[in-house]
2 protein chains.
Amino acid sequence: MDIDSNTRVDLIVSGLGNIGRRFLSILDRKRPYLCQKYGLDLNVVGVVDSRGAAIDTHGLDLARLVNIKEKGGSAADYPGGYSDTSPLQVVQRVRADVLCEATPVNMEHGEPGLSCMRHALSHGMHVVTANKGPLVLAYGELQRLARESRLRIKFCGTVAGGLPAINLGQRDLAGARIEKLEALPNLTTSFILDRMAQGMTDAQALSAAQAQGCAEADPSLDVDGWDAAFKLVILANSVLGIPAALQDVSVTGITGVTQADLDRAQAEGRMIKLVASASLQGERYQLTVAPTPLPAGHPLAQLSGQHMGIVYHTDIYGAIAASILETEPVPSAASMLRDLLSIYADLP
Amino acid sequence: MDIDSNTRVDLIVSGLGNIGRRFLSILDRKRPYLCQKYGLDLNVVGVVDSRGAAIDTHGLDLARLVNIKEKGGSAADYPGGYSDTSPLQVVQRVRADVLCEATPVNMEHGEPGLSCMRHALSHGMHVVTANKGPLVLAYGELQRLARESRLRIKFCGTVAGGLPAINLGQRDLAGARIEKLEALPNLTTSFILDRMAQGMTDAQALSAAQAQGCAEADPSLDVDGWDAAFKLVILANSVLGIPAALQDVSVTGITGVTQADLDRAQAEGRMIKLVASASLQGERYQLTVAPTPLPAGHPLAQLSGQHMGIVYHTDIYGAIAASILETEPVPSAASMLRDLLSIYADLP
């Protein structure tokens, strides 16, 4: 490996939770391979979490950072680290090529991600992100900023973890009319419905999901269908090309699904899933999130509680389905690497 | 639609069988949409089939051509058409930006496709193709020619009809180690095994496949596993990056699969499918085509006889599966449009 012949790409990684930390770990492990295969040296020059930042324009020691985070520390604990430094301050002060944004989702104001993305796209940085908030709240604005600056904003990890659902829709269905899309983008509800179908009560299934780490302490965004609706809004904007907002989605969660509903569906050979769908009615898409009994032959019906999936029904490419088995958040974190390579690597 | 603001792309379409004819029909129907959405005016300046050619540097009337072909005619029957003109002669004489190659598959010498592709890539034309032959026989040479001329050769329709199996592997799995891939790329054998599992004899199942139009009069390339092996060779070269040839694949067809095998598998909750797989053993991939009993939860197990599918098992993107329901060859034909747009359209 001749490091000098590689193109160096400087990254800021903002947010070091489940996704950001695993992303650093992937970058650390894959660095020699990415140099050799793509001639790209992905070099992290700044990281920031809720307690502070670490900055080194020559490149941070990612193994060390991951170790600090795994022990419950903060970026501020890295040698020479800065406490009380915000993500926006890091993005304002550190020169980099790409902002990799993975701070917690906030659906009221999108912060701290949204301001950082705006700054990055106005100051010569591409954005790759796994953070739904800013995209749901400001999709059009962020795309416009990127277009005006001839930069890219890539976000394939926002919709279905490591599944390239957006890429499939944007690139592989180019030229088609998408008549309908159906997605299972939310692991928590799939897991809960799966366990309920196996006989657990809804409370037991929720506890099991929380024990498994696939439900938040406050699971209401998941079980009430909002997380699926967020993802549907992103799919609608990015793949269907319509300026949809959250209020355009009819949302029903799974709290009304009873054991009797599941039993009845099973007796009919159907599986109830929380389906996010966009269906072309005349010239308009109808956007819906609702518990839906899927027939056994439906490509999403057999997916387990650890799968996410999507089906696109098109005029010229038939019906194309894709799914991912994601038992831990590594694929979601890796989706930011996929996005980076789609910008910088010379892919076929 | 302002036709003048569009980028005009001149195409030669060689081969007007099941795929080529449908491709012309798609181009004809989609032309205004492609102008409006991508600013691309895809203009067919030459077509050629086994009986002759039609050429018009201003653009052929595709509806007229499709009509001639549907009535059993030849390109030579188009007003001003040329009989006894070969594909290579058309590629040599007509200036175009892209050769769209869909002549019949020939696995001995790859002709007439291979010579046409060589000429195109040596004379400034990109190639998009649904023709496996030249890629199986001369993958490395064609890629080298394209690279040297800074041209593209795209062939996503060669492996699994309209399913973007190659794109998924080449682009969306960038950065990953693919530990294993498993594919059901051959409709005929899936259809036959499906019908046999429902109680038909192998002879009845084959007749049903032929009646359905999903098996050739001579089905041996399909039932003996060779068609799946061809596709595995293309996947190995394009996605796994190994210079595999047909002799590197261990091939077993479905002729040895008995009713007793299917019954035994079903009793164990398994489905026998003809699986093409590449499995990493140490540093080398083992390439195999063989009837394989898949457990019910396997993402390819539930696919019907009208589906094709693939699963990639990776180190960082989890296990990603994709499938297509293809009840007629339109998606296979549309895959050439997908390839064209991947070259010319400004996709995200």
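In this predicted model, A:His109 lies in the loop that links β5 (98–101) to α4 (113–122) of chain A. The residue counts as partly exposed, with a relative accessibility of 41%. Once residues up to four places away in sequence are set aside, A:His109 touches A:Leu114 and A:Leu137. Its side chain also reaches the backbone nitrogen of A:Glu111, at 3.1 Å. A:Val94 is 15 residues from A:His109 along the chain, and the C-alpha atoms of the two are separated by 24 Å.

**Two positions in helix α7**

Helix α7 spans residues 187–197 in chain A and contains A:Ser190. In chain B, helix α7 (residues 187–197) contains B:Thr189. A:Ser190 is buried, with a relative accessible area of 5%, and B:Thr189 is buried as well, at 1%. Both classes follow from the cut-off, because buried means under 20% relative accessible area.

B:Thr189 is in contact with B:Asp222, B:Val223, B:Ile254 and B:Leu274.

| Residue | Relative accessible area | Class |
|---|---|---|
| A:His109 | 41% | partly exposed |
| A:Ser190 | 5% | buried |
| B:Thr189 | 1% | buried |

**The interface of chains A and B**

The contact between the chains involves 41 residues of chain B and 41 residues of chain A. About 3200 Å² is buried between chain B and chain A, and 55% of this area is on carbon and sulfur atoms. Three residues, B:Arg171, B:Ile316 and B:Pro348, supply 20% of the area that chain B buries against chain A, more than any other three residues.

Four salt bridges are found across the interface of chain B and chain A. B:Arg171 takes part in a salt bridge with A:Asp172, their side chains meeting at 2.7 Å from N to O. Between chain B and chain A, 18 residue pairs are in polar contact, with both residues at pLDDT 80 or more. On the side of chain B that touches chain A, the elements giving two or more residues are α1 (18–38), α6 (165–172), β13 (319–325) and α12 (330–344). By class, that side of chain B holds 24 nonpolar, eight polar and nine charged residues.

**Strand β13 and its partners**

Which strand of chain A pairs with β13(B)? The partner is β13 (residues 319–325) of chain A, and the two strands pair in the antiparallel sense over seven bridges. Within this pairing A:Ala321 stands opposite B:Ser323, and A:Leu325 stands opposite B:Ala319.

Strand β13(B) also pairs within its own chain, where seven bridges join it to the antiparallel strand β12 (residues 307–314) of chain B. Here B:Ile310 stands opposite B:Ala322. The hairpin of β12(B) and β13(B) has four residues between the strands, and B:Gly318 takes a positive phi near 65° in it. β13(B) is mostly covered, with six of its seven residues buried.

**The seven-stranded sheet of chain B**

Chain B also has an open sheet of seven strands with mixed pairing, in the order β4-β3-β2-β1-β5-β6-β7. Why is one side of β4 (82–83) and of β7 (153–154) left without a neighbour in the sheet? These strands of chain B stand at the edges and each has a single partner strand, so one side of each has no neighbour in the sheet. Strand β2 (residues 40–49) and strand β3 (residues 52–55) of chain B pair in the antiparallel sense over four bridges. In that pair, B:Gly46 stands opposite B:Ile55.

Key:
Residues are numbered from 1 along each chain as its sequence is written. Chains are lettered from A and ligands numbered from 1 in the order in which they are written. This is a predicted model: local features need pLDDT of at least 70, side-chain atom pairs count only at pLDDT 80 or more; totals for chains, interfaces and linings use all residues. Side-chain values use heavy atoms; hydrogens and water are left out. Contact means heavy atoms within 4.5 Å. Buried area is the accessible area (1.4 Å probe) that two parts lose on being put together, summed over both. A polar contact is a pair of N or O atoms within 3.5 Å; within protein, one must be able to donate a hydrogen and the other to accept it, and residues adjacent in sequence count only if both atoms are side-chain atoms. Ala, Val, Leu, Ile, Met, Phe, Trp, Tyr, Cys and Pro count as nonpolar, Asp, Glu, Lys and Arg as charged, and the others, Gly among them, as polar. Two strands pair if DSSP finds at least two bridges between them. Buried means under 20% relative accessible area, exposed over 50%, partly exposed in between (1.4 Å probe, protein chains only).
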